Structures are given as structure tokens and as C-alpha cells.
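These are my notebook entries on a structure that I had not examined before. I record what I looked up, entry by entry.

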2 protein chains.
Amino acid sequence: MDLVKTARALASDKRVRILSWLKDPAAHFPPQADGDLVEDGVCVVLIAEKLGVSQPTATEHLKILAEAGFVRARRLKQWTFYRRDEAAIAGIKQGIAREL
Amino acid sequence: MDLVKTARALASDKRVRILSWLKDPAAHFPPQADGDLVEDGVCVVLIAEKLGVSQPTATEHLKILAEAGFVRARRLKQWTFYRRDEAAIAGIKQGIAREL
DNA sequence: TAGGGATATAGGAAAATCCCTATATGGATC
DNA sequence: GATCCATATAGGGATTTTCCTATATCCCTA
């Protein structure tokens, strides 16, 4: 586990909020026409709107979270849905507990 | 616990290395004339040298670690010694496990 | 295959971080 | 009190991060 890379991903209020929202997507986002909020994840546009940033900025934040292992992207039709990777996050927590 | 502040403190290779060295100061630093490495902590100059940065830069890194709760400063004579705050770090680990 | 919607990439401006030198401060000692 | 050593603070340059607009790409649908 790369502790610095993990920490950098969490060193942003916006990224931490995304992670928090994705714990319970149905409580934080409206239903989607395609893609189940819980099963498939939340689409980039919804995250960008709730975050109050442009779509490219949201994409960039999600990319950083994905590269650190916190979330996974799933492409369905023309949308990309992001959801938490709970198994990876559990591993990250263990890694932090071990290395800190 | 402020997750973003904690993450920012860890979002630097140099600060993570300091934290790691301070787990076992005697294994990483030479004996000090004043101040016990384990009891009192490690003086700023030794940390700056090992880190390969100037003294003010080391001071800045240590300040960031201290403000996030990872280390504590102890002033003895004209030296400032830094040591890990294990109780606080345990709390940080719990906080991360809870909030992530 | 033409059109359109969603996402990704490119490029650049603004802000934050990192690290330096110079200097101020704090405290011990002569 | 004068001096010296360790640390803290000030100020500034270089790099990185953040976020935007414009545009390219991907993929569905007509």
C-alpha cells in the first residue's frame, strides 16, 4: 500500500465528501434512468452537480480516488458509474493501521 | 477528527518518513548529548540532516505533523525534541477506520 | 452513418505547497 | 549583559494542485 498516494487522495474536502456520499448513494442522489445507484454506482454528472464543480473537474477527482483504490468505475452505455470498492477500502484501512 | 487535515499531513513522503523513524528513534538517530531519544524525542537538527532538508523546512514539516496530532514537541534547554504521540495516533487510526 | 449525449483529455490560470536564505527569538553560558 | 547555539518566523521562487473552458472520444439511437 502506498500511504502517501492514499493520503493525497484523501487530502481534499471534495474527494472525502464524494467517498462519504457513495456510502449510501440512494440517500444522496436522485434515481438514475440507467444504472442502479447501489449496484452500478453514481454517474459523473450527478456527482459533479452535487459537488458544485464542472464535469471535467469531477472526473479528475474520481480518477484520483480510483487510482488510489477507493472507487471503481463501471461503464454502461454512454455513462460511467462510480461506486466504492469496499474490499479495497478495508485493505487500505488495514494498511494505514499497520504503517502508521 | 479532521480527516482532510490528517490526510494532508500524511500526503508527503518526507513527513511519512519522519513518522516512521520516530517509531524507533534509537535505530535511526545517533545519541544526543541532551535529551533522551526515546523519552524526550529527537531534536530538529538531526531530523533535518537525515531528511536532507534545511532546518526551517524540517521545522515546517514537524509543525504540520504536530498540528495534525501525530507528534508532540518538548522543549528542553535550547532544543526542541519531537516524539510520536502514540495515544493520539491510535485515536487517528480509529477515526480513519470510522470515517472512511 | 449521422446526430447527440456523456465522459475524457488538453491547455492554461489561480491557488496552495514545498523549500530555500536571511533574520528574529529563546534560552544557556561566560 | 554579551555571546552563542538551536529553533522559529519572514519572504520569495519553483513546483504541484485545483479548476475552468474548449475539444476530442465513445457509444447509443434514429
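Entry 1: I looked up W21(B) and F29(B) and found both buried, a word I use for under 20% relative accessible area, with over 50% being exposed and partly exposed in between (1.4 Å probe, protein chains only). In chain A, W21(A) is buried at a relative accessible area of 10%, and F29(A) is buried at 6%. The ring centres of W21(B) and F29(B) are 6.0 Å apart and their planes stand at 85°, so this pair is edge-to-face. For the terms, I note that rings of Phe, Tyr and Trp (its six-membered ring) pair if their centres lie within 6.5 Å, and that planes under 30 degrees apart count as stacked, over 60 as edge-to-face and the rest as tilted.

I then searched the whole structure, and two aromatic pairs were found over all chains. W21(A) and F29(A) form an edge-to-face pair, with 6.0 Å from centre to centre and 85° between the planes.

**Entry 2: basis of the values.** I note that the model is predicted: local features need pLDDT of at least 70, side-chain atom pairs count only at pLDDT 80 or more, and totals for chains, interfaces and linings use all residues. Residues are numbered from 1 along each chain as its sequence is written, chains are lettered from A and ligands numbered from 1 in the order in which they are written, and side-chain values use heavy atoms, with hydrogens and water left out.

**Entry 3: charges over rings.** I looked up K50 in both chains. K50(A) lies over the face of F29(A), 5.8 Å from the ring centre. The charged end of K50(B) sits over the ring of W21(B), at 5.3 Å from its centre. The criterion is NZ of Lys or CZ of Arg within 6 Å of the ring centre and within 35 degrees of the ring normal.

The side chain of T57(A) has an N or O atom 2.6 Å from a phosphate oxygen of DNA strand D, and for the side chain of R15(A) the distance is 3.4 Å. V45(B) places a backbone N or O atom 3.3 Å from a phosphate oxygen of DNA strand D.

**Entry 4: DNA strand C.** I counted 21 residues around DNA strand C, and the closest are V45(A), Q55(A), K14(B), T57(B) and H61(B). A polar side-chain atom of T57(B) is 2.7 Å from a phosphate oxygen of DNA strand C. A backbone N or O atom of V44(A) is 3.4 Å from a phosphate oxygen of DNA strand C. The side chain of T80(A) has an N or O atom 3.1 Å from a sugar or linking oxygen of DNA strand C.

**Entry 5: relation of the chains.** I found that a rotation of 180° with 0.0 Å of shift along its axis superposes chain B on chain A, with RMSD 0.0 Å; the superposition is by least squares on the C-alpha atoms of residues with pLDDT of at least 70 in both copies. This is the relation of a two-fold axis. In chain B, the C-alpha of A7(B) is nearest the axis, 2.3 Å from it.

Conventions. A polar contact is a pair of N or O atoms within 3.5 Å; within protein, one must be able to donate a hydrogen and the other to accept it, and residues adjacent in sequence count only if both atoms are side-chain atoms. A residue is near a molecule or strand if one of its heavy atoms lies within 4 Å of it.
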